[in-house]
Amino acid sequence: MNLSASSKQNILIILALAAVAWTAHFLWVRDFLLYEDDYNHVGKHLESGWVQIWHLLRWAWKAWPQGRPLHFSLMPVFTFLGMALGGLAWVYLFGYLIVAANAILFYFAAKKAAPAGPAFAGACAFCLFPADTTHVMLTHNMALQASLSFLLGASLAYLDGRKILSFALITGTLITYETSIIPFLAVPLLKAPWNRQTLKNLFAVFSMVILAILAHALLRTAMHETRMGELLTQNPWLTLHHIFSGMILGPLTVAKAFFIRPWFALAHADAASLAAMPIFAAAVWWGILKISNDIPLQHITFSTVSRKYFLKMDCRLTLPQGVMEGLRLVLAGAVALTIGYALTFTRWPPVSLGGRDTCVHLAATFGASIIMTGLAWIFLEMGQIVSLKRLTTGILAMYLALLLGFSMAVQKDFVNSACFQRQFWQNVLTQSPDLEDGTTLFVKENIKTRTDFVVSNAWSVRLVLGQLFSFPKDWDNPPALFALTGEIASSIRHDKIRNTWHLIIPGESREIRPIDPDKVIALELNATGITRLNSLDRPGWESLAGIIPKPKGADTIHGLEKRVLYRIMGQGEEY
């Protein structure tokens, strides 16, 4: 097969971006576990069969949870397929494919508005976007990132002149993760030149997007969807305040991330990142030089006459052709970045730089990467003026390499969290082998367990025991563990008249869990491990004052059926 030069170039860039996505976010995939929301949306489906998946899909498209039926369909389907292929690492493969495909889609979309070199740099920035640190989380890479796929596919179709297809694709964001629809409003600005037709295109896209959002909102309201009902009861002025302030705070946070995260990469570099960064920088430097064609300098001449002094000024300014086009992309990206926060008011303020809440910056990925494409174009072409294009390309490559180093540091943080979780649950089961119906475990953490990018014992920690073991079906109140945070402590209720205890579990459902005071296991996590308490007469346990913790009893967990997560945790047959 004889491939054209452009086809060979595209294949190499696709492979390069796929390698960047793997190295940045999935290099240590075999050491990954589940994180935070993953236990709720992925962990419960690790053993699901086709029948269960089918019933779940029927529920998702009938109930429209959060107005995102596709969002709640992708995760169980990919989980089922991944586990069928070979285990958790294969589940992560689907998340990787989406993340890599998005970088590739961005490259081809950006290439419609910029040369291959700047487009490739922008695609790398898209893949290494430092403001969103959730790429490793399955809940995010299999669902939220899929909404970006719709945005990118719609943008590519629009720039290719297939407007009907683009309008159809962009509506997919609403049933996946709706914030990604807004940046599409700025896509007509990527087409050159800007003229009256641009205004017409902007109006047409704006009308279509607003109609789609209104139709989606009306459908959610008609279905009595919970979050839409809560939104309608909010103070509209407060909502507007959050929208417009978010459109200021969000872009500033993204700019901060692009500035400070390279320094973080240097400060937290390990052997792997120190090896990867120079290799990546050299490859990017060579690649951009290889695919970039020098653009002839364009002479811009202007003259003006001063009526007062009858002086004529004739000035000749020599600029590379790409500078003005790069500036246009920067402006278009700035618009997309700013409006990308219009629907993030439910996670206000959008200032998080680490952890699950950084998904608030998801839609901003598009606009920020367009800005980076424009800046790369300007930077590379300005280097042409002073005959230092190799140097400017090298500086750009080194900056992108630092973003790679930061992404690897984030990825390593998730690996460390997985190691902590495995050790934590090993200690919990060692100290609490006497689980029975009605057992409630509370653990007070006296050491910091939350890192910069992931909460190891998040709200979902209460789901883990039920995913480690298959408890007997006749148990009315299966064991569950709760981290004794301030929120949990304030949710514990004691009816002194009836001498009953219960916990109002924080969350949308406000589930109430009865607490049997005779079956409470109290644990404390210290630097040396987990200790089981015999008395709660100590600081931090005031919310359970009056309860005498259950003394350690006979081992029961050996008789319980172990589930898939037990093996994934690496517990083996030790217990």
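## Charges over rings

Arg261 sits over the face of Phe264, 5.3 Å from the ring centre. Lys412 is placed likewise over the face of Trp28, at 4.3 Å from the ring centre. A charge counts as over a ring here if NZ of Lys or CZ of Arg is within 6 Å of the ring centre and within 35 degrees of the ring normal.

Please keep in mind that this is a predicted model, where local features need pLDDT of at least 70 and side-chain atom pairs count only at pLDDT 80 or more, while totals for chains, interfaces and linings use all residues. Residues are numbered from 1 along each chain as its sequence is written, and side-chain values use heavy atoms, with hydrogens and water left out.

## Aromatic pairs

The whole structure holds 24 aromatic pairs. Rings of Phe, Tyr and Trp (its six-membered ring) pair if their centres lie within 6.5 Å; planes under 30 degrees apart count as stacked, over 60 as edge-to-face and the rest as tilted. One of the pairs is Trp22 with Tyr96, edge-to-face at 5.1 Å centre to centre and with 90 degrees between the planes. Trp22 belongs to helix H1 (residues 5-25) and Tyr96 to helix H5 (residues 88-111), so this pair ties together parts that are 74 residues apart in sequence. Helices (H or I, at least four residues) and strands (E, at least two) are DSSP runs, numbered from the N terminus. Trp22 is partly exposed at 31% relative accessibility, whereas Tyr96 is buried at 12%. Buried means under 20% relative accessible area, exposed over 50%, and partly exposed in between (1.4 Å probe, protein chains only).

Phe106 and Phe126 make a stacked pair, 5.2 Å centre to centre with 20 degrees between the planes. Because Phe106 is in helix H5 and Phe126 in helix H6 (residues 116-127), the pair ties together parts that are 20 residues apart in sequence. Both of these Phe residues are buried. Elsewhere, Phe469, Phe471, Trp475 and Tyr566 form one aromatic cluster.

## Nonpolar cores

The largest nonpolar core has 158 residues, and Tyr35, Phe184, Trp425, Leu465 and Leu481 touch the most other members. Its largest share, 17 residues, comes from helix H15 (residues 389-431). A second, separate core of 17 residues includes Phe482, Ile505, Val520 and Ile547. Such a core is a set of buried Ala, Val, Leu, Ile, Met, Phe, Trp, Tyr and Cys residues joined through side-chain atoms within 4.5 Å.

## The four-stranded sheet

Four strands build an open sheet with mixed pairing, in the order S5-S3-S9-S10. Two strands pair if DSSP finds at least two bridges between them. Strand S5 (480-483) and strand S10 (529-532) are the edges; each has a single partner strand, so one side of each is left without a neighbour in the sheet. Neighbouring strands are turned by 25 degrees against each other on average, direction ignored.

S9 (residues 520-526) and S10 run antiparallel and are joined by four bridges, with Asn526 having Gly529 in S10 as its bridge partner. Helix H15 packs on this sheet, touching strand S3 (440-445), S5, S9 and S10, and its direction makes about 25 degrees with that of S10. Contact means heavy atoms within 4.5 Å. Axes are lines fitted to C-alpha atoms, for helices over the stretch in contact, and angles run from 0 to 180 degrees between N-to-C directions.

## The three-stranded sheet

Another open sheet has three strands in the order S6-S7-S8, paired antiparallel. Strand S6 (492-495) and strand S8 (512-515) are its edge strands. S6 pairs with strand S7 (residues 500-504) over four bridges, and Arg493 stands opposite His502 in S7.
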